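This report describes the pockets and the barrel of one protein model. The sequence and the structure are shown first.

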Amino acid sequence: SIFVRCEKFESFPDEFKWGVGTSSYQIEGSWNVDGKSESIWDHLTHNFPEKIEDQSNADHTTESYKFWKRDVEMVRELGVGVYRFSISWPRVLPNGYKNHINRAGLDYYNNIINELLTYNITPFVTIYHWELPQRLQELGGWTNPELIDIFIDYAKVLFDEFGDRVKMWTTFNEPWHICEQAYGQDYMAPSYDYPGIPIYLCGHNLLKAHAKVYHMYKNIYNHGIIGITADISTPHPLNHNHHHDQQAVERAYQFYLGWFMHPIFSKHGNYPKIMIDRIGELSKKQGFTKSRLPTFTNDEIKMIHKTSDFFGINSYTSIQVTLNDDDTNPAKHKIPSFFHDMGTIESQNENWEKSGSVWLRVHPSGMLHLLKWIKKEYHNPPVYITENGVSDKGGLNDVKRVEYFNSYLTAILNAINDGCDVRGYIAWSLMDSYEWKAGFTEKFGLYHVDFNSPNKTRTPKMSAKVFSEIVKTNKIDWSYLPLIDEKSSS
Ligand code: GBH
């Protein structure tokens with residue numbers, strides 16, 4: 001095993017925050033109940049069921065709109081101090097705009113928040129976890145700069161309504177997914193499949209919307225913390241002795257994470273230089289008048305800089321990368337895409353243990369690399385791991401999930417002992433739920449959900465018991481220490 005027992009501290013810091021997470025579309029169901037309107041995910045799953053692995057949708061899923069009390073009870077059972085959940089924009093503002101506020105939608109979240117606070121659990125609210133009102137998509141979604149002001153209005157409704165009780169906020173969950181996987185590929189809703197162009201408009205608008213909401217919160221409310229959560233699968237060099245592969249690693253970090261985090265956390269702000277240079281150059285070769293990556297004004301750079309009280313990071317796995325700079329074929333320049341701009345080829349290491357998802361292999365040392373990279377690149381910001389977890393195909397005896405949590409938490413403890421300022425860990429996920437394109441075929445829950453039962457009965461898995469033990473003791477449960485033979489040299 002590559003895990004050295006922690007020499008310095010075996011325990012997580014006393015003030016370390018433990019939590020579990022969910023997102024609205026994945027758990028709520030009741031998609032058209034009490035005035036909620038259609039989101040881009042309702043639209044995708046209803047109109048293109050063939051795009052979902054099991055042709056399912058989240059019309060019912062875990063029915064948390066009905067069974068939220070049980071959810072809070074589970075959070076209590078786990079003993080965690082934080083519950084991270086998201087708000088469904090079309091449930092609160094059915095038109096997307098604040099001209100019609102849906103009281104029933106606000107009440108739903110008020111009930112959850114009040115119940116959490118009754119038991120001293122901190123609500124950690126994600127304002128946008130991918131549920132855009134369909135009507136706003138018809139305006140072009142995040143490629144339309146109009147969305148910035150509309151998003152500010154939406155956030156203001158939430159701050160006005162919940163701000164007295166909610167003290168932890170995230171604007172966007174995983175901007176890379178919101179832009180690349182939704183606009184650049186036929187993958188997440190709205191599945192534009194339009195590579196290389198809308199993604200950068202989307203990113204530009206998201207960053208401005210995020211920053212403006214941050215400033216609004218600080219100016220008007222300011223009694224809590226607010227930030228953004230990005231995601232990355234930790235890149236590793238395909239060939240460790242190859243310095244080109246090290247360059248590929250750096251590119252991958254900058255294109256996946258730096259795209260959104262460099263403007264906020266770097267010393268001077270703005271997009272990473274490597275993105276500005278590469279996309280600018282390629283755009284020119286491709287015959288565009290200007291770079292496909294929009295330019296910020298100096299005022300905008302300042303406005304966006306330092307607008308996150310914490311560095312939110314979701315990470316589940318690792319990838320291997322190598323450079324892809326073989327541009328001998330001139331036709332290649334004509335096809336712009338995020339991946340061509342980045343100029344890397346990705347693969348997975350067959351030696352890394354599989355999970356229930358093709359994209360997710362178990363590689364805990366990747367978490368250590370990632371946290372050290374963040375520390376070095378952004379001068380040790382306070383980090384919240386807002387998502388980490390593993391999928392399987394179901395069942396209560398989830399030994400692999402137990403081993404996954406133990407091994408990733410060991411890596412995180414090593415990072416903390418190395419000086420990384422990790423403040424909290426939010427396990428994904430509280431319970432099995434609707435796993436986007438994978439439908440119900442992949443399970444990430446600490447709690448099993450019986451989707452066929454009328455009450456969507458929730459039952460703790462082995463991982464729930466082990467995780468609650470970790471939370472209680474602030475220590476990894478060594479009796480479950482995995483015997484992972486890391487064949488990779490990283
Ligand atoms: C998280 O994103 C989401 O925030 C959460 O809602 C979700 O339940 C969780 O992942 C588990 O998937 O087929 O190669 O294009 C993490 C990012 C989103 C990464 C789906 C993998 C499919 C990858 N994941 N994505 S791929």
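The second largest pocket holds about 190 Å³ of space. Of its 13 lining residues, Gln246, Val249, Tyr253, His369 and Trp373 are the closest to its centre. At least two lining residues each come from strand E6 (234-237), helix H10 (243-265) and helix H14 (365-377). A pocket is an open set of points on a 1 Å grid over the protein atoms alone, where a 1.4 Å probe fits, with protein on both sides within 12 Å along at least five of seven lines; lining residues have an atom within 4 Å of a point.

The model is predicted: local features need pLDDT of at least 70, side-chain atom pairs count only at pLDDT 80 or more, and totals for chains, interfaces and linings use all residues. Residues are numbered from 1 along each chain as its sequence is written, and side-chain values use heavy atoms, with hydrogens and water left out.

The largest pocket has about 840 Å³ of space. Among its 35 lining residues, His177, Gln181, Tyr187, Ser233 and Trp359 lie nearest the centre. Helix H8 gives the largest share of this lining, three residues.

| Pocket | Volume | Lining residues by class |
|---|---|---|
| Largest | about 840 Å³ | 15 nonpolar, 12 polar, eight charged |

Eight strands form a closed barrel with parallel pairing, in the order E1-E2-E3-E4-E5-E7-E12-E13. Strands (E, at least two residues) and helices (H or I, at least four) are DSSP runs, numbered from the N terminus, and two strands pair if DSSP finds at least two bridges between them. Strand E1 (residues 17-21) is joined to strand E2 (residues 82-86) by three bridges, and Val20 has Tyr83 in E2 as its bridge partner.

Terms used: Grid points are joined across faces, edges and corners, and a volume is the space filled by probe spheres set on the points. Ala, Val, Leu, Ile, Met, Phe, Trp, Tyr, Cys and Pro count as nonpolar, Asp, Glu, Lys and Arg as charged, and the others, Gly among them, as polar.
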